[in-house]
Amino acid sequence: MAAGTSRKIYAASARSHTRRANKSSGLTLPSGFFPAVLLLLLAGLVAWGYQAIQPPPPKICGSSDGPPVTASRIQLRDGRHLAYQERGVSKDVAKIKVVFIHGFDVCRLDDVIATYTSPELVEELGIYFVSYDRPGYGESDPHPSRTVKSQALDIEELADQLGLGTKFYLIGYSLGGQIGWGCLKYIPHRLAGVTLLTPASNYWWPGFPSNLSTEALYKQPTCDYWSLRVAHYVPWLTHWWNTQNWFPSLGATRPHVLCREEREVMAKLIAKGASHREYVRPQGRYESLHRDLNLGFGTWEFDPVEMENPFTGEEVYVHLWQGDEDTLVPATLQRYIAERHSSWIRYHELTGSGHYFPHVDGMADTIVKTMVNGKQ
């Protein structure tokens, strides 16, 4: 019988075999696993980003989940409603009929001229005032496809339905004053006179010298500077930009950016409890404030800086009022426009005044008298 063969297995050899066995039994990921995970993560990020920039749907006044209708309203030809408020003498006996266009983040209740014009002057001149909520503000229906022209036509239809006659006066304040340029372009035949109170200028109107408009834009607070640029270049980001908390967003009414007169006026208004804030955006910030920014500082279909006189052959003038210390609307751009259109614009610059000069005692009477009687 053959002798058996004995083999010695050393510890190092045993460990080596064990390591090889363990290594071969590990988990092997399928080819393309990591690219697939990255793709899923990217898709999730895109979906999250898309949801983040989507504005919420408006809460339409009078709808089942919207605010109640409390204001007087008309229905426009396209089915939308405009809410309005009448003040002054009855329009049936009025000699002067005035449509007031409110500014940014206010509503029909903030008709500063009707509020501060003395009752004696209103009776003496026979003035009727009507102010209205611009689309998306207050109790006026939103208008997702609104344009500069559509806003002018809204005013014309409001005047027709209220029976204001063939011609009426127009007063626009701040961003509402900017809409006055659209009325001068599209419905000049309906205007007996126009008063623009520190109307907001679009820094991207091509008629402005680039150095002038760029310098004016850079003087805005950083938060406003970027909000306006977003509204102009990437309007689909306006809602997200002005609701996120990562970067400073629009803050045009922060006290530290106001001049002395503006701070004094603001303090007076706060003391009087004159704010109508709860009536301004019941349908949402997007349909009121953010669409306002996109239209006001987007690309316009015409350039007010290059406009020709819309009142050729008529005794109708535009009165443009501006405070030289206005920290919200730069006086430099108003001066340029007024100089370009000196044949039909009467420019009134107020020394030491800011954006809220119409609230100063006696100013409303001066503005109304100039609108009605002042040609020079």
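## Basis of the report

A residue is called buried when its relative accessible area is under 20%, exposed when over 50%, and partly exposed in between, using a 1.4 Å probe and protein chains only. Tyr225 is buried, because its relative accessible area is 10%.

The structure is a predicted model, in which local features need pLDDT of at least 70 and side-chain atom pairs count only at pLDDT 80 or more, while totals for chains, interfaces and linings use all residues. Residues are numbered from 1 along each chain as its sequence is written, and side-chain values use heavy atoms, with hydrogens and water left out.

Helices (H or I, at least four residues) and strands (E, at least two) are DSSP runs, numbered from the N terminus. Helix α12 covers residues 285-296. The expected span of a helix is 1.5 Å times one less than its number of residues.

Of the 12 residues of α12, 11 are buried, so the helix is largely enclosed by the rest of the structure. Among them are Tyr286, Leu289, His290, Asp292 and Leu295. The cover over these buried residues includes α5 (148-162), α6 (175-186), α8 (222-233) and α9 (238-241).

Axes are lines fitted to C-alpha atoms, for helices over the stretch in contact, and angles run from 0 to 180 degrees between N-to-C directions. The axes of α5 and α6 lie 8 Å apart, and the two helices pack at an angle of about 80°. They are therefore roughly perpendicular to each other; angles under 35 degrees count as roughly parallel, over 145 as roughly antiparallel, 65 to 115 as roughly perpendicular and the rest as oblique. Contact means heavy atoms within 4.5 Å. Val148, Lys149, Gln151, Ala152 and Ile155 in α5 meet Ile179, Gly182, Cys183 and Tyr186 in α6. These residues divide into six nonpolar, two polar and one charged, where Ala, Val, Leu, Ile, Met, Phe, Trp, Tyr, Cys and Pro count as nonpolar, Asp, Glu, Lys and Arg as charged, and the others, Gly among them, as polar.

Helix α8 has 12 residues and reaches 16 Å from its first C-alpha to its last, close to the 16 Å expected. Its buried residues, including Cys223, Tyr225 and Leu228, pack against α7, α9 and α12.

## Aromatic pairs

Rings of Phe, Tyr and Trp (its six-membered ring) pair if their centres lie within 6.5 Å; planes under 30 degrees apart count as stacked, over 60 as edge-to-face and the rest as tilted. The whole structure holds 11 aromatic pairs. In one of them, Tyr203 and Phe297 are stacked, at 6.3 Å centre to centre and 15° between the planes. Tyr203 lies in the loop between β6 (191-197) and α7 (210-218), and Phe297 in the loop between α12 and β7 (318-323), so the pair ties together parts that are 94 residues apart in sequence. Both residues are buried.

Tyr218 and Tyr225 form another stacked pair, 5.2 Å centre to centre with 20° between the planes. Tyr218 is exposed, because its relative accessibility is 55%.

## Arg134

Arg134 is placed in the loop between β4 (127-132) and α5. With a relative accessible area of 0%, Arg134 is buried. Leaving out residues up to four places away in sequence, Arg134 touches several residues, including His102, Gln151, Ile179 and Asp292.
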